Amino acid sequence: MRNTAKKPLASLLPLLIGLSLVLGACGEASPTARPTTTTAASATTSNPATTAATATTITAVTTAADPTTLAATTAIPATTAVPTTAAPTTAAASAAPTTIAAVANPVGATWAKESVCYEVFVRSFYDSNGDGKGDLNGLIAKLDYINDGQVGSTKSLGANCIWLMPVTASPSYHGYDTTDYYKVNPDYGTNDDFKKFMAEAHKRGIHVLIDLVLNHTSNQHEWFKAAAADPKSPYRDYYIFSETDPGYAGPEGAPAWFKNPSGPGYYYAAFDSALPDLNYKNPAVTKQAQDVTRFWLQEMGVDGFRLDAIKHLIEDGAANQVDTPQTHDWLRDFRKFYTGIKKDAFTVGEVFAPSSLKEYYPDQLDYYFEFNVAQGMVNSANRGINTFVGQIKIADTNWPVQRYASFLTNHDQTRIGTVVGGDVNKLKLAATELLTTPGLPFIYYGEELGMQGAKPDPNIRTPMQWTSDPATGGFTTGQPYKALQSDTAKINVGTEDADTASLLNLYRALIRLRRSNVALAQGSFLTTNTSYGVVAYLRQSGAETVLVVLNTTDEAKTDLQISVDKSDLPPGQYSPAELLAVNTDGKTTLAPLTVGPGGAFTDYAPVASLPARSAYIIAVKK
């Protein structure tokens, strides 16, 4: 989510990657949504001494709604599940295991271990009816571009997982503020269109994840409208209301308490006034989340979820608004619930707080996005600062069995194409790093083309560039809802598809290689000692060993010295073979490799010269 109130914090983040990371999780809130009140001033000037006192006036926390009173007090549309009394699902004090190593990998979705995921913003992918907005039928029409179902296809990306940004009904362009969890956004089509999409995706071997936004709803949701209008409504406890203004800011320093526009009191909204937080201390809200989860897994057939803003789920006063013990307990119980519905359901979460990410393993969600690794890879490709290797080693130490999601940039960040100034060689290097290192890789739509876009958010979510038409980019037969990037004439699928040396065709080759090579998909990660500016690492699984060598500088390297003190390679003579070369002058004869006791080798130079911004992916075989 893009929270405009968080902009001042951007300057505190490392600037090495040259992009503006967003600390929230969902889409940009409507600029007209924030009511005119004095809340912002009071929230930003409150002090801790007064916060404790005012926080005691918060009224919505503990009681489940009484279903017998709902029909009489509020009229909720039939498409929205009716609240029911539910026993509390949050464990009182379930403690996480003391060590991750002692816990078996609980991930039931074994497909995730050898997958590559593609993030799609439906509104911007492909328009099937000429109204200028992407839709589900358009996505179906372009599924073969993502994966045509043919093993080893050279005309398809080969990604076998799609993450859809929000697809439920919403008043905004981005959809992170739902008004109905059970209804597909009419701009995208119908629930039946979604089911058709699921059938077509599964026919091609594609697993589908949808964005599940549980932290908050739209302020236009019927629940919130009922809660705001009547302090005695059972929906009041679906949200966090206070009779008086508690006066403290949100977790990122932005206003968090807003005057109720429909009656007395104030309500809590960590991201924006248009996105009121749900109250998961109320068991009835948990029951609603479970019903929504069951609906999408069973009725709509999805394979899992990307969970948005999960560290914000349950607050405990001004001092504890994120990463609370109650949030961890809730997620543990949520995991038991969704795996009980569908044992191989998969979840990936966003926790933009690397220092606290370890608290979310091993028994909550399956995977989490690794922002430090992503930042490191962008730094490496753009400026030759190779911190990503160290970050991967940390992740492999802290997270169980490489259970994290890797990526370069996403829908909340300035696109990597803009970060590197459109330099295709840098983009190829970044793609190589992403697809030859551990983790479950996610590719943001258009990233495989080098699409550009800088913040604010709408400018990094522009329509997909299918053709060289500068006005429509082949995205629509009508007027695009949002202007395309200015480089559409040269950066597009049609042009790059015809160029064997294009970024698009490199992505296709890298994904094909990763999904066919168990060492790249699931293997261990061993760094080597190298000369300055060169990165090399071994990926190994069973008898398969791959050596990846990258020159991240803008100068050719003629003094390669790759050494390993210890590895799993048996001693002996090896005849390395090129699997893929990136930014080189063609196939090169690779030097033989001598491995000594303990799998050690010293000062290995596979090639005499390693061109600037280039890479070799090498099979190490006898």
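Here are some friendly notes on this predicted model, taken point by point.

1. Ground rules. Numbering starts from 1 along each chain as its sequence is written, and side-chain values use heavy atoms, with hydrogens and water left out. Because this is a predicted model, local features need pLDDT of at least 70 and side-chain atom pairs count only at pLDDT 80 or more, while totals for chains, interfaces and linings use all residues.

2. The overall picture. The protein has 17 helices and 22 strands; these are DSSP runs numbered from the N terminus, with helices being H or I of at least four residues and strands E of at least two. Of its 622 residues, 59% count as buried. Here buried means under 20% relative accessible area, exposed means over 50%, and partly exposed is in between, with a 1.4 Å probe and protein chains only. The accessible surface comes to about 22,200 Å², and carbon and sulfur atoms hold 54% of that; the areas come from the Shrake-Rupley method with a 1.4 Å probe, and for residues only the protein chains shown count as cover. Among contacts with a separation of 6 or more, 71% join residues 24 or more positions apart, a contact being heavy atoms within 4.5 Å.

3. Helix α6. This helix covers residues 191–203, and its 13 residues reach 18 Å from the first C-alpha to the last, close to the 18 Å expected. The expected span is 1.5 Å times one less than the number of residues. D193, F194, F197, M198, E200 and A201 are buried in α6. The partners packing against those buried residues include strands β2 (161–164), β4 (180–184) and β5 (207–212), as well as helix α8. Just after α6 comes G205, with a positive phi of about 80 degrees.

4. K203 is found in helix α6 and counts as exposed, because its relative accessibility is 60%. Its side chain makes a polar contact with the side chain of E200 at 3.2 Å. A polar contact is a pair of N or O atoms within 3.5 Å; within protein, one must be able to donate a hydrogen and the other to accept it, and residues adjacent in sequence count only if both atoms are side-chain atoms. K203 and D148 are 55 residues apart in sequence, with their C-alpha atoms 9.3 Å apart in space.

5. D303. Do take a look at the loop between α8 (283–299) and β9 (304–307), where D303 sits. D303 counts as buried because its relative accessibility is 10%. The D303 side chain makes a polar contact with the side chain of H202 at 2.9 Å. Beyond its neighbours within four places in sequence, D303 is in contact with residues including M198, I206, L297, K342 and F346.

6. Helix α11. The end C-alpha atoms of α11 (residues 371–383) are 18 Å apart, which agrees with the 18 Å that its 13 residues should span. Most of α11 is covered, with 11 of its 13 residues buried; among them are F371, Q375, M377 and N382. The cover over these buried residues includes α12 (388–398), β12 (405–407), α13 (416–419) and α14 (424–436). At the N-terminal end, E370 caps the helix, with a side-chain oxygen 3.2 Å from the backbone nitrogen of N372. Just after α11, G384 has a positive phi of about 70 degrees.

7. Aromatic pairs. The whole structure holds 37 aromatic pairs. Rings of Phe, Tyr and Trp (its six-membered ring) pair if their centres lie within 6.5 Å, and planes under 30 degrees apart count as stacked, over 60 as edge-to-face and the rest as tilted. F194 and W296 are edge-to-face because their planes are at 85 degrees, with ring centres 5.2 Å apart. F194 lies in helix α6 and W296 in helix α8, so this pair ties together parts 102 residues apart in sequence. Both F194 and W296 are buried. F371 and F407 also form an edge-to-face pair, 5.1 Å centre to centre with 80 degrees between the planes. F371 is in helix α11 and F407 in strand β12, so the pair ties together parts 36 residues apart in sequence.

8. Cluster and charges. Y118, F125, Y126, Y145, Y444, Y445 and W466 form one aromatic cluster. K142 lies over the face of Y126, 4.7 Å from the ring centre, and R415 lies over the face of Y445 at 4.8 Å. A charge sits over a ring if NZ of Lys or CZ of Arg is within 6 Å of the ring centre and within 35 degrees of the ring normal.
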